[in-house]
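The sequence and structure are shown first, and the description follows.

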Amino acid sequence: MKTVSVTEFRGNIKKYLEIAESEKLVIHRSKGRSFVIVPLDEEDDSSLLSKEQKTAIDEALEDIAKGRVQSHQDVMDETRKRFPHLFNR
């Protein structure tokens, strides 16, 4: 693992991104938090979603599994009833 300052990283981005291909790279801010740079394909996909997003996805998948779904047309019809101003443009 290599640690560099924001200033050093900014001045040599290409060099440090190449380093991050083979090892973790920590960018340290003197008056703030530090950050880890890793290739996206190696990052855990679950960390790209917030807790709320993960919860919403889990609830939606449960709804699908239990058959609690509506057709696209039903959703559009209900939306037109509730928000007609969105369709009068």
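A residue is termed buried under 20% relative accessible area, exposed over 50%, and partly exposed in between. Glu 62, at 41% relative accessibility, therefore counts as partly exposed. The model discussed here is predicted.

**Salt bridges**

The side chain of Glu 62 meets that of Lys 66 in a salt bridge, with an N to O distance of 3.2 Å. Lys 66 has a relative accessibility of 54% and so counts as exposed. Both residues belong to a network of salt bridges that links Glu 62, Asp 63, Lys 66 and Arg 68.

The count for the model comes to 5 salt bridges. Among them is the pair formed by the side chains of Glu 18 and Lys 14, at 3.1 Å from N to O. Both of these residues belong to helix H2, where they are 4 residues apart, about one turn of the helix. Glu 18 is partly exposed, with a relative accessible area of 48%, and Lys 14 is exposed at 63%.

A further salt bridge joins the side chains of Arg 82 and Glu 78, at 2.9 Å from N to O. Because Arg 82 and Glu 78 are 4 residues apart in helix H4 (residues 72–82), about one helical turn separates them. Arg 82 is exposed, with a relative accessible area of 59%, whereas Glu 78 is partly exposed at 31%.

| Salt bridge | N to O distance |
|---|---|
| Glu 18 – Lys 14 | 3.1 Å |
| Glu 62 – Lys 66 | 3.2 Å |
| Arg 82 – Glu 78 | 2.9 Å |

Three strands form an open sheet in the order S1-S2-S3, and the pairing is mixed. Strand S1 (2–5) and strand S3 stand at the edges with a single partner strand each, so one side of each is left without a neighbour in the sheet. From one strand to the next, the twist averages 25 degrees.

In general, the strands of a sheet pair through backbone hydrogen bonds, in either a parallel or an antiparallel manner. Strand S2 (residues 25–28) and strand S3 (residues 34–37) run antiparallel and are joined by 4 bridges. One of the residues involved is His 28, whose bridge partner in S3 is Ser 34. The two strands S2 and S3 form a hairpin, with 5 residues between them.

Helix H2 (residues 13–20) lies across S1, S2 and S3, and runs at about 160 degrees to S1. This helix also holds Glu 18 and Lys 14, the salt-bridged pair described above.

**A nonpolar surface patch**

Which residues form a nonpolar patch on the surface? The patch consists of Leu 49, Ile 57, Leu 61, Ile 64 and Val 69, which together have about 450 Å² of accessible area. Ile 57 is located in helix H3 (residues 51–65). With a relative accessibility of 41%, Ile 57 counts as partly exposed, since that class lies between the limits of 20% and 50%.

Note on methods
Residues numbered from 1 in each chain as written. Predicted model: local features only at pLDDT ≥ 70, side-chain atom pairs only at ≥ 80, totals over all residues. Heavy atoms only, no water. Patch = residues over 30% accessible without salt bridge, like charges linked within 9 Å, V, L, I, M, F, W, Y side chains within 5 Å. Areas by Shrake-Rupley, 256 points an atom, 1.4 Å probe, with all protein chains shown as cover. Salt bridge = Lys/Arg side-chain N within 4 Å of Asp/Glu carboxyl O. Buried < 20%, exposed > 50% of the residue type's maximum accessible area, 1.4 Å probe, protein only. Pairing = 2+ DSSP bridges. Axes fitted to C-alpha atoms, helices over the stretch in contact; angles between N-to-C directions. Contact = heavy atoms within 4.5 Å.
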